[in-house]
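Subject: Structure for you to look at

Hello,

Please find the structure below, with the sequence. My notes on it follow.

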Amino acid sequence: MNGAEIIIGRDVADLSERAAAEFVGVANRCVGTDGRFVVALSGGGTPKSLYSLLASAELRAQIPWVQIHFFWGDERAAPPDHPDSNYRTAFESLLSKVPVPKESLHRIEAELAPEAAAAKYERTIRDFFQLSGVGWPRFDLILLGLGGHTASLFPGSEALNETARVVVATYVEKLKSYRITLTLPVLNRAANIFFLVAGEGKAAVLRDVLQRSKNLPAQQIVPVDGRLVWFLDEAAASSLQS
Ligand code: 6PG
């Protein structure tokens, strides 16, 4: 993918250490220039290792927690204490262990009806970025994972065609459940986009995305004027042509 950086670690711990180092760097540069760092976290299991590292004694001291605002790239239609909740995953592995002001945690209120949750999150984001009716938020960093989908943009979903809204609710047939997700225009306007992809099970889909041999949502992650970095482990990268 043109312009994207690919960083390959030995395993998920190594890729997470590399991603953590970049996270610390971007956070401190943003706070140094703008007085704040605005990040949207990803869900699923892969980022847990990164989140735990950021909360570790060594790294936590290097991060300006009080100036960071946390958002989420997507959320399952579940309350914040549900095992499926992306908010809960991040809270348990990171946010409960570091001095982030609670008013800086801008979770998706996915306990609401999906459309209401999406509308409320869109208002939260527009208000935070002081956007009037038009304009797009520019996150300093958005973390993404990879399945057949990314964020909660699934193959064939109408959500992939959204060109006006920041956030949409989307019904995922194969999961028989709703998701709430940031839309492609928002993801692509981030200053930094980090994909975290680990494990043999991701090797085929990663190859399909990076070598464009299938039409998958992650191929539509093309930064407008930002930096795209793929943090992989050797197992996930094992099917890439050298
Ligand atoms: C979610 C995520 C989703 C995730 C990928 C990879 O809510 O599930 O946002 O996009 O990043 O499915 O998940 P794993 O890291 O668990 O493989």
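Helices and strands here are DSSP runs, numbered from the N terminus; a helix has at least four residues and a strand at least two. The model is predicted. In that numbering, asparagine 161 sits in the loop that links strand S5 (141-144) to S6. Asparagine 161 is partly exposed, its relative accessible area being 47%. Threonine 183 is 22 residues away from asparagine 161 in sequence, and their C-alpha atoms are 8.7 Å apart.

Next, helix H5 (residues 114-128). Its 15 residues, at 1.5 Å a residue, should span 21 Å, and this agrees with the 21 Å between its end C-alpha atoms. Pro114, Ala117, Ala118, Tyr121, Glu122, Ile125, Arg126 and Phe128 are the buried residues of H5. Viewed down the helix axis, they fall within an arc of 160 degrees, so they line one face of H5. What do the buried residues of H5 pack against? Their partners are strands S2 (37-41), S3 (68-72), S6 (167-172) and S7 (177-182). Just after H5, glutamine 130 has a positive phi of about 55 degrees.

Last, the largest nonpolar core. It holds 83 residues, and those touching the most other members are Phe37, Phe70, Phe139, Leu182 and Trp230. Helix H1 (residues 12-34) supplies the largest share of this core, nine residues. In soluble globular proteins, nonpolar side chains tend to be buried together. Beyond its neighbours within four places in sequence, phenylalanine 37 contacts residues including Phe23, Val26, Ala27, Cys30 and Val31, as well as Ile68 and Leu141.

Regards

Notes
Residues are numbered from 1 along each chain as its sequence is written. This is a predicted model: local features need pLDDT of at least 70, side-chain atom pairs count only at pLDDT 80 or more; totals for chains, interfaces and linings use all residues. Side-chain values use heavy atoms; hydrogens and water are left out. A nonpolar core is a set of buried Ala, Val, Leu, Ile, Met, Phe, Trp, Tyr and Cys residues joined through side-chain atoms within 4.5 Å. Buried means under 20% relative accessible area, exposed over 50%, partly exposed in between (1.4 Å probe, protein chains only). Contact means heavy atoms within 4.5 Å. The expected span of a helix is 1.5 Å times one less than its number of residues. The arc is that of the directions from the helix axis to the C-beta atoms.
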